[in-house]
Amino acid sequence: MPTRMRFTIWRPLTAAAVTLLVAAFLTPAVAHGTPRESLPVHSYTDAIREAVWVDTKLDGDGDGTADRVAVDIVRPREPAAQGRKVPVIMDASPYYSCCGRGNESQRKTYDANGDVVQMPLFYDNYFVPRGYAVVGVDLAGTNRSDGCADVGGRSDILSAKAVVDWLNGRATAFTTRTGTTKAEAGWSNGRTGMIGKSWDGTIANGVAATGVKGLRTIVPIAGISSWYDYYFQQGAPLYDSGPDWLADYVNSPDARARCAAVQQRLVDEAPRSGDLTALWSERDYVEDAHRVKASVFVVHGLQDLNVRAKHFGQWWDALAENGVERKIWLSQTGHVDPFDFRRAAWVETLHRWFDHELLGYDNGIDREPMADIERHPDQWVTSTVWPPRGTRTAILRPATGDRPGVGTLGLRRGTGTETLTDDPRLSETDWAARIDTPTPDKAGFVTGPLTRDLRLSGSSRVTVTATPTTATAHLSAVLVDLGPDTIRDYAASGEGIATLTDRTCWGESTTGDSACFKETRARTADVGFTVLSRGWADLGTYADPRRGVPLTPGRAYTITLDLAATDHVVPAGHRLALIVAGTDKDLIDPPADTPTLTLDLARTSARVPFAGGAEAFAAATAGATASAPTAAPGTGHPGGTPAARQPYRIP
C-alpha cells in the first residue's frame, strides 16, 4: 500500500516566496537530472481563471452558425509570467450545471465576470499548484455551450476533441460565446490528459478513439466503451428508456428548445428492438481502438450495475490488441469514484501518473504492476500484468445431477437436458440463493467444494443451445462464488461506500472552492454467495447480434453470451456455479412472451479464464463432491441487485 500522503489546505504564497520556491525546486532538477515529482510551488489563490468558447465547426442545433463549447480554465499564474507553458488536465462533462460532479454533486459556479469560481472535484485544487492547468469543458448543448447533447455521438466527441485541438493550436476559440475576439492557448504546451467518471470518462474514451494529436493520456473512471452496450446486450434491453431521455436530461433549457430534431433522431435511430443501427455504430469506441495513441488508466467497479463491467473488459482487450500503454484499478464497488473508495492511494497514484505522462518525469510508475485489484474491502493486491500471465481459458461443461435443475459443472461434456421457465419476478440473487433446490425458473450447475483457491481473471463466454416454446425469449448466464464472505455492499445506497461528516483536504482552497471533501468508509455486507460475472442476450439474435428475429417454437437455437470481465478468487472450500435462466429482474427487461426453454447440455458450455487454465480448475476440483455444499448460500445479505431500481439510469 502506498504511504498515506499529508493533506492540508495550502496557504497562499507571495510572489517572492513563489520565485524562491521555484528556484529551489528547479535548480536541483538541472543539477541532478529529471525531477520525479511535481511540487505545490504555485499559488492557487492567484491562479488565472478564464473562460473561452471553442469553435467546434459543427452545427448540431441547425441554426446556421457553428457551435461553440464553453471551456473554463484554472491555470497557475507564475509559469505564464515567466513565459513557460504548462500541460492540461481536462474533464469534459454534461453535468456541470444540471447534476453536479462527485460524491457531493458539485457544480460550477461563476463570478460577476463569468469566470469559474468553483471547479468541481479536487483536480484544480491539487494540480494547479503543481504546475498544471485544469480545464472543465461543457459538452455541446449543456451549461454555457451551444449545440445539442447527442449521447456519445459526433457532437459529444468532436466538441471535446475541438478543445484538445485548440490547446494544440489547431482550432479557434473566442473570449465570449457570440463575439469575434479570438483567444489563444499560448500558455499550453499541448500535452493534454483527459479524466472523468461515467459520461465524462466515456468522452475521454471517445476522444482517444479519434487519435487526436496532443492527447497523451486518458483516465476513464467507470467509462462506457460502446453506448449500444449501455442500453442493450445482444438485443436484450437493459433499461426501458433510450438516449433521447438522457440527452433531454442534460441539455440546457435553451438547448431543449432548439434540439428537437436531434432528439427525434435519437428516438428514430435507436429502436427499442435492440437492433444494432448506424447510430450505435457511431458510438462504439471499441471499433476504433486501433486509433488510440494516448495511454489509458482504466478504473472500474467490478459490481458496477450502471456502466457494467463488460465496458472496461472489451475496451481493455481492444487496447491490448493494439499495444496501448495501460494501467488498471478494479474495485469491489459499484459506480463509485476511486477518490471515494481509496482516496489517499488514488491521489498519490494519479499524481504520479500525470507527472509521468504529461510532464515526462521518470518516477517509475510505468515499471510498477499494471493492475491493482480489491480482493476484500480495503484489501488490495497487484498483478504485474492483467490478466495475469498464465491465464488460459478452460471449457466448463454442465451436466445433469440427481435432481432436476441442480446439476454439476466440470470439464467433461454432459448429456441430457434441463428445462426452465422465465419468471421476470426473480433475479440472479434469487437463483443463487436456491442453487441447491430444484426451482422451475433456473438451471444451476455447481462444482463440489474447491480443494484450493481458483482465480478467474478476464471475460467469460457461455454458449447455450436452447429450444423455446415461444417466439421471443431472453437468456441470462451468471457465474457465482458459493460460500460465505464479507464484501462491499454494492447493492446498498452508496454502492459500497458510506459518506462521513469529517473532511480531508487535497490541495489549496479559496473562499469559493474548497479542497476539503467528506471522508468515506467501506460499507460492507456479510454474504452467503457472490455473483461475480453476468451476461444477457435475446435468443432472437442467435444468428446475427446486430438484428433479432422471431423464434420458431420447438426449434433449437445456439447462442453465445458475453459475460462481464472480472477478477475474483473462489477460495478453497467454496463452490463455483454457472446459472442459466431467463429474465434477470432489474438488470434486463423481460421478453414479450413467457417462454419455457429446454437446454441441450451436450451443446452448452462456458469458456472461463482461469489463472493456470483448465489444469488449475482440475486441480481445484479434484476430489470435490458436487452434492456437498459448504454453507447455505442464502444466508446473510444476498449481495445482488439493488432492491429498488431507478426508473432511468444516469451514467
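A disulfide here is a pair of cysteine sulfur atoms within 2.5 Å, and a search of the whole structure with that cut-off finds three of them. Before I go through them, please keep in mind that this is a predicted model, in which local features need pLDDT of at least 70 and side-chain atom pairs count only at pLDDT 80 or more, while totals for chains, interfaces and linings use all residues. Residues are numbered from 1 along each chain as its sequence is written, and side-chain values use heavy atoms, with hydrogens and water left out.

Let me begin with Cys98 and Cys99, which form a disulfide with their sulfur atoms 2.1 Å apart, and whose link is left-handed, with -85° about the S-S bond. Cys98 counts as partly exposed, at 25% relative accessibility, where buried means under 20% relative accessible area, exposed over 50% and partly exposed in between, using a 1.4 Å probe and protein chains only.

The next disulfide joins Cys148 to Cys259, S to S 2.0 Å, and it is left-handed because the torsion about its S-S bond is about -90°. This pair links distant parts of the chain, 111 residues apart, with Cys148 in the loop between strand S6 (133–138) and H4, and Cys259 in the loop between helix H8 (253–258) and helix H9 (260–268); helices (H or I, at least four residues) and strands (E, at least two) are DSSP runs, numbered from the N terminus. Cys148 is buried, at 1% relative accessible area, and Cys259 is buried, at 1% as well.

What is the handedness of the disulfide of Cys505 and Cys516? The torsion about its S-S bond is about 100°, so this disulfide is right-handed. Cys505 lies in strand S24 (residues 497–505) and Cys516 in strand S25 (residues 516–522), so the pair ties together parts that are 11 residues apart in sequence.

Finally, Asp340 lies in the loop between strand S14 (326–331) and helix H12 (343–358), and is buried, with a relative accessible area of 8%. Leaving aside its neighbours within four places in sequence, Asp340 is in contact (heavy atoms within 4.5 Å) with Asn103, Ile497 and Thr520.
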